[in-house]
Amino acid sequence: MQEVLKKKSLEKRVLAPRESRKTIGNINVQNPRMVCRNVDVYYDDKQAIRKVSIDIGRNEVLAMIGPSGCGKSTFLRCLNRMNDTIDGCRVTGKILFDGKDIYDSSVDVVPLRAQIGMVFQKPNPFPKSIYENVSWAPKIHGLAESKAEADEIVESSLHKAGLWDEVKDRLDQPGTGLSGGQQQRLCIARAIAVSPEVILMDEPCSALDPIATAKIEDLIDELREQYTIVIVTHSMQQASRVSQRTAFFHLGDLIEVGSTDTIFTKPSHQLTEDYITGRYG
Ligand SMILES: Nc1ncnc2c1ncn2[C@@H]1O[C@H](COP(=O)(O)OP(=O)(O)OP(=O)(O)O)[C@@H](O)[C@H]1O
Ligand SMILES: [Mg+2]
């Protein structure tokens with residue numbers, strides 16, 4: 001009987017009018033790096049993100065979790081205007097980066113995407129050498145004018161990405177010849193090379209084995225000292241290992257946000273609890 005009642009009330013919650021699903025938890029942080037307010041995203045006339053408001057703090061890792069199709073990648077792409085590249089995708093609401101509206105018509109998206117870099121699910125090195133993978137963007141952005149400057153950026157970025165020792169003797173070889181985990185660290189080095197402020201990661205470990213995953217997770221922890229990181233993950237363990245705050249999405253709504261500890265031990269919303277305990281997925 002209890003079970004039936006619980007199931008009924010859960011169905012009611014799931015089917016409740018979506019307008020009523022206000023975010024639970026504190027969306028604010030002190031001294032935020034990014035501020036998102038009432039963000040809506042449409043693919044043609046289909047709404048994928050509904051009125052999402054959240055701050056993203058400095059030197060924090062924010063994990064975004066939720067069932068497949070709930071809008072995690074869509075929301076992540078809003079943060080550096082990557083959705084601009086998708087036909088029919090429309091973003092409304094406000095997203096501020098250090099107080100500036102990134103959707104303002106005066107904003108040039110090329111430097112914006114360097115400041116707010118992205119690492120994708122599948123490692124995607126350019127079909128070029130390891131050296132060129134890292135040095136290309138700094139050259140384009142005018143950060144490396146001489147060979148010596150480029151050398152320095154390549155070495156320090158590969159160091160920060162934890163890859164230097166493994167590749168220092170073969171910098172002229174193709175990036176695509178590295179292992180999957182090494183390729184992903186190369187992509188992280190490439191993002192770091194232009195001195196970003198924020199790094200967005202969309203399931204960066206989902207194509208990697210546990211050892212490569214552990215290396216990336218350690219790296220994320222180190223990078224947090226210098227960068228703001230937003231990571232989408234399907235792994236609860238990963239979210240709890242690497243993040244300080246967690247945001248749970250469901251059907252385009254931001255259902256709950258809070259400290260990672262609280263979300264994983266004392267979630268307030270039934271949907272969050274059901275998701276983290278694996279009752280649906
Ligand atoms: N390019 C697109 N054109 C049309 N609809 C899209 C597009 N990309 C995503 N969608 C839709 O928007 C919704 C959110 O998709 P999104 O990829 O953001 O989900 P997700 O949470 O990242 O899922 P997953 O965990 O499977 O990666 C889904 O209904 C999806 O079908
Ligand atoms: Mg996704």
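Which residues in α4 meet which residues in α5? The legends below take up this contact and others in a predicted model.

**View 1. Contact between helix α4 and helix α5.** Helix α4 covers residues 130-140 and helix α5 covers residues 147-160. From α4, the residues Y131, V134, S135, P138 and K139 meet A150, I153, V154, S157 and L158 of α5. Sorted by class, this contact of α4 with α5 holds seven nonpolar, two polar and one charged residues. The two axes come within 9 Å and cross at roughly 120 degrees, which makes α4 oblique to α5. The crossing in which α4 passes α5 is right-handed.

**View 2. Contact between helix α4 and helix α7.** The axes of α4 and α7 cross at roughly 25 degrees and come within 7 Å. An angle under 35 degrees counts as roughly parallel, so α4 and α7 are roughly parallel to each other. α4 passes α7 in a crossing that is right-handed. On the α4 side, I130, N133, V134 and A137 take part, and they meet L186, A189 and R190 in α7. The contact of α4 with α7 is made up of five nonpolar residues, one polar and one charged.

**View 3. Contact between helix α7 and helix α8.** Helix α7 (residues 180-192) packs with helix α8 (residues 210-223) at an angle of about 20 degrees, and their axes are 9 Å apart. This angle makes α7 roughly parallel to α8. The crossing of the pair α7 and α8 is right-handed. α7 contributes G180, G181, Q184, R185 and I188 to the contact, while α8 contributes A212, K215, I216 and L219. By class, the residues of the contact of α7 with α8 are four nonpolar, three polar and two charged.

View 4. The residues around ligand 1 are Y43, A48, G66, S68, G69, C70, G71, K72, S73, T74 and I86. Helix α2 (residues 72-78) supplies the largest share of this shell, three residues. Four residues of the shell around ligand 1 are nonpolar, six are polar and one is charged.

**View 5. The stretch of residues 10-16.** The chain has an average pLDDT of 92, and 92% of the residues score at least 70. Over residues 10-16, the pLDDT is below 50. Beyond near neighbours in sequence, this stretch has four contacts in the model.

Definitions and conventions: Residues are numbered from 1 along each chain as its sequence is written. Chains are lettered from A and ligands numbered from 1 in the order in which they are written. This is a predicted model: local features need pLDDT of at least 70, side-chain atom pairs count only at pLDDT 80 or more; totals for chains, interfaces and linings use all residues. A residue is near a molecule or strand if its C-beta atom, placed from the backbone, lies within 6 Å of it. Helices (H or I, at least four residues) and strands (E, at least two) are DSSP runs, numbered from the N terminus. Ala, Val, Leu, Ile, Met, Phe, Trp, Tyr, Cys and Pro count as nonpolar, Asp, Glu, Lys and Arg as charged, and the others, Gly among them, as polar. Axes are lines fitted to C-alpha atoms, for helices over the stretch in contact, and angles run from 0 to 180 degrees between N-to-C directions. Angles under 35 degrees count as roughly parallel, over 145 as roughly antiparallel, 65 to 115 as roughly perpendicular and the rest as oblique. A crossing is left-handed if the near helix is turned anticlockwise from the far one by less than a right angle, and right-handed if clockwise. Two residues are in contact if their C-beta atoms, placed from the backbone, lie within 7 Å. pLDDT is the predictor's confidence in each residue, from 0 to 100.
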